[in-house]
Amino acid sequence: ARLLEAWAGELTLINRHREAIAARERALAIHRRRGDRLREGINLRWLARLHWFDRGGQGPSIELARQAIDTLQPLPASRELALAYSTLSHLCLVREDMAGAQLWGLRAIELAEASDDAEAMTHALNNVGSAILRLRDDALAWNRLTRSLELALQHGLEVDAARAYNNLFILCVIHH
């Protein structure tokens, strides 16, 4: 299962999303048979992201993110649950559900702070800041988005840094 997860990670980096989905689904099946709820939740979260990458927001992304949350919530609070919340926040954001993006993003921020997890914090700050700025110009939202970029750069999270740069650019254009 761990090899399949690693393989899926590499496939994701080179935009071979359907193959990554297949690898994650196989890993998920193994973890379910073993009763490993944590790894099950992690793979469900990744499947939500992969389906979004593959289908541009169509398909089972939201349902998979909710399944990840339902799987991880009964376990002790963790960075994995924060990442699942943030994934659902991102999916709400790209579907123009700014209230959902803020709700799930703020839950992710709370857990990320408690676990001192830079990756979850970076992702969630980006979601919440972007959602608010899609609705109105807001100093706190700009600070969240800028903090997302700073954390991503500080911790070598290249994908998250690129996402923060992209959202900062788009929102600067929107707000002139």
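Are Tyr85 and Trp104 buried or exposed? Tyr85 and Trp104 are both buried, where buried means under 20% relative accessible area, exposed over 50%, and partly exposed in between (1.4 Å probe, protein chains only).

1. Basis. This is a predicted model, in which local features need pLDDT of at least 70, side-chain atom pairs count only at pLDDT 80 or more, and totals for chains, interfaces and linings use all residues. Residues are numbered from 1 along each chain as its sequence is written, and side-chain values use heavy atoms, with hydrogens and water left out.

2. Overall fold. The chain has 9 helices and 0 strands; these are DSSP runs, numbered from the N terminus, with helices being H or I of at least four residues and strands E of at least two. The radius of gyration is 16 Å, which agrees with the value near 16 Å for a compact globule of 176 residues. That radius is taken over C-alpha atoms, and the globule rule is 2.2 Å times the number of residues to the power 0.38. Along the principal axes, the C-alpha atoms fill a box of roughly 50 × 35 × 30 Å. Of the 176 residues, 52% are buried.

3. Aromatic pairs. The count comes to 2 aromatic pairs. Rings of Phe, Tyr and Trp (its six-membered ring) pair if their centres lie within 6.5 Å; planes under 30 degrees apart count as stacked, over 60 as edge-to-face and the rest as tilted. Trp52 and Phe53 form a tilted pair, 5.5 Å centre to centre with 55° between the planes. Trp52 is partly exposed at 22% relative accessible area, and Phe53 is partly exposed at 33%. The rings of Tyr85 and Trp104 have centres 5.6 Å apart and planes at 40°, so this pair is tilted. Tyr85 lies in helix 5 (residues 79-94) and Trp104 in helix 6 (residues 98-115), so the pair ties together parts 19 residues apart in sequence.

4. Charges over rings. The criterion is NZ of Lys or CZ of Arg within 6 Å of the ring centre and within 35 degrees of the ring normal. Arg107 lies over the face of Trp104, 4.5 Å from the ring centre. The charged end of Arg49 sits over the ring of Trp46, at 5.0 Å from its centre.

5. Surface patch. Phe169, Ile170, Val173 and Ile174 make a nonpolar surface patch of about 370 Å². Patches are made of residues with over 30% relative accessible area and no salt bridge; like charges are joined within 9 Å, nonpolar side chains (Val, Leu, Ile, Met, Phe, Trp, Tyr) within 5 Å. A salt bridge is a side-chain nitrogen of Lys or Arg within 4 Å of a carboxyl oxygen of Asp or Glu. Accessible areas come from the Shrake-Rupley method with a 1.4 Å probe; for residues, only the protein chains shown count as cover. Ile174 lies in helix 9 (residues 158-174) and counts as partly exposed at 40% relative accessibility.
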